[in-house]
Amino acid sequence: MPMPAFTPCSAPRRLLEEGGYADAVDLHDAAHAAELERVLASTRAPLALMQAAGLAVARLARAMTPHARRVRVLAGPGNNGGDGFEAAARLKADWPDVHIDLAWLGHPASQPGDAAASRLRAEAAGVAITELDHPPTGAADRLATWCAELAQADGDTLVIDALLGRGLNRPVSGDLARLIDALNTGAARVLSVDLPSGLNGDVGVWPDGVDAPIVRADTTLALLSPSPGLCTGMGRDVVGELWWHDLGTGSATPHAVAAQARLARGSALARLLQPRPHRQHKGSVGDLWVIGGDVAMQGAAWLAARAALECGAGRVHVDLLDAQGLGLDPGQPELMVGRCADRDELARATVIAGCGGGPAIAARLPELLSTTARLVLDADALNAIARDTNLQDRLRERSARGQASVLTPHPLEAARLLGSDVAAVQADRLAAVRALATSYRCTALLKGSGTLVCSASSGALPTINGSGNAALATPGSGDVLAGVIGAFWSQLAIRPLVEEGPGDDAATLATRAAVDLHGRVAQSMSHRGAALPASRLVSGLGDWLRRQAPPRSA
Ligand SMILES: NC(=O)C1=CN([C@@H]2O[C@H](COP(=O)(O)OP(=O)(O)OC[C@H]3O[C@@H](n4cnc5c(N)ncnc54)[C@H](OP(=O)(O)O)[C@@H]3O)[C@@H](O)[C@H]2O)[C@@H](O)CC1
Ligand SMILES: [K+]
């Protein structure tokens, strides 16, 4: 497998920012980040990385709250705490007019060497350190005082959360839980170091599924390489503004440590937004069929078809499964309605199957799976496949014939396809999307906070979508997404873009771009994530696309 590139940065970068088009960023889980750290530390002076981390945290703290009167650092038992000691020492030296103190929840006997050295540096710099764990005498009172003060803190206080980072290995409880609860109760601004303490950075949920406290940060500064869990699962709800600093490792960072995921930041969408050729006509972007809309569920098919039309598909046809269905969408007369019975036409077209498909879609799947070159499987098509091993085999056989498939499940549909349950899927979304892509030999998308896209052909390295908000948590929004995927894929099939690397096959590129667009439009129409009816999202898509100038960097 080719090694993924590591994009360097010597100043912090804001991730998950609205708008803009940038390259994806590699994400490493705790085990691989530790490996990266080992490789880098072997070529550097002792403490160099921790000091760089402390400096980066201190600088962001000052930028975040230039008028703060008080900075309080919460340092934990390990190296995350070490970053906190370094930041405190740096702030004490550089920010003399601000009151800085630190509470340490750790024990000298078990503190790692780097962190212990940083603690001594903070002491030498004159940082007031309160030990909450050691010595035991009076520790409970000291903890109670800090908790009470944190719970009452106002916005003039900045708290640097350096309690736990990637070393979290069990749910938070006891004294740590009390500190985090107090912090979350108060009104202090919070800057989390590397991760909001209590969040499992590998998967973005609680460790062991136990509902334990997690710091709710205003800003999180990811260090060295961001964790996947910052961007999916619960991550998006606790990180606040997400920043990343590579600690100056830049181009020296070896490509020896493979990433576990990538955070998409617009490069796929940028490639779809290039100006359309002047000579374009409706036939030059292919035919698209939406097959779905069973009894009482026609709306889903219409939504997908309308979205496809708004996103530049050529001729859009709707094959309604409800025999009594309307022969026309009166709000969108451009759509053509009819039964697609011609195998050659199906083979040439891009087909979206399953939106509002009900039980009737199952009977259509054998032909679609054997005939179509480009097939987006959504909703009830996925449920039908999950129920039928024969359909599963037919789906797997497609890739050997050069027929590409995109699966678009939400977590429940994914669980059915994987023979598991929603809790298991959500407990490790990255593993679930990888399993879908590899098991069904397709491009798989897993909906939810931090939607994931993964392709069997790209070495099963998932990308996490950076755009979107809770406005998309409405009925029909998935049908709209299926329509956008189909429209982009149809255009790529006719006017292919040069493949630049793994994951650049047309199905995956179209899917990544579609998820990104879907999210950006929701953000532009509903800043706080207030619910957005899917039909309004459809018109927003076209409005957004027509307003865009071609992106400057792709
Ligand atoms: N070294 C370097 O050069 C660099 C390091 N960096 C920084 O290091 C961080 C990783 O450091 P780390 O591996 O020491 O892990 P960390 O998150 O501090 O926690 C480990 C400690 O927590 C404890 N513990 C775990 N779970 C717990 C729980 N639920 N409740 C209570 N305790 C719990 C665990 O205890 P134990 O399991 O042994 O009882 C252990 O003592 C990384 O996130 C980044 O900030 C970067 O700046 C880059 C340069
Ligand atoms: K932290």
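In this predicted model, domain 1 and domain 2 meet through 22 residues of domain 1 and 21 residues of domain 2. On the domain 1 side of this contact, two elements each supply at least two residues: the helix α7 (235–238) and the strand β10 (261–265). The largest share comes from β10, with 5 residues. By residue class, the side of domain 1 that touches domain 2 holds 12 nonpolar, 6 polar and 4 charged residues.

The two domains follow one another along the protein chain. The assignment places domain 1 at residues 13–265 and domain 2 at residues 268–547. The centres of the two domains, taken over C-alpha atoms, are separated by 39 Å.

The model also contains ligand 1, which is surrounded by 28 residues. The closest of these are Gly-78, Asn-79, Asn-80, Gly-165 and Gly-167. Three helices each contribute at least two residues to the shell: α1 (30–41), α2 (48–64) and α3 (79–94). Helix α3 gives the largest share, 4 residues. Asn-79 and Asn-80, listed among the closest residues, fall within the α3 range, 79–94. In composition, the shell around ligand 1 divides into 14 nonpolar, 8 polar and 6 charged residues.

Conventions. Residues numbered from 1 in each chain as written. Chains lettered and ligands numbered in written order. Predicted model: local features only at pLDDT ≥ 70, side-chain atom pairs only at ≥ 80, totals over all residues. Domains from an automatic or database assignment. Contact = placed C-beta atoms within 7 Å. Nonpolar A, V, L, I, M, F, W, Y, C, P; charged D, E, K, R; others polar. Near = placed C-beta within 6 Å.
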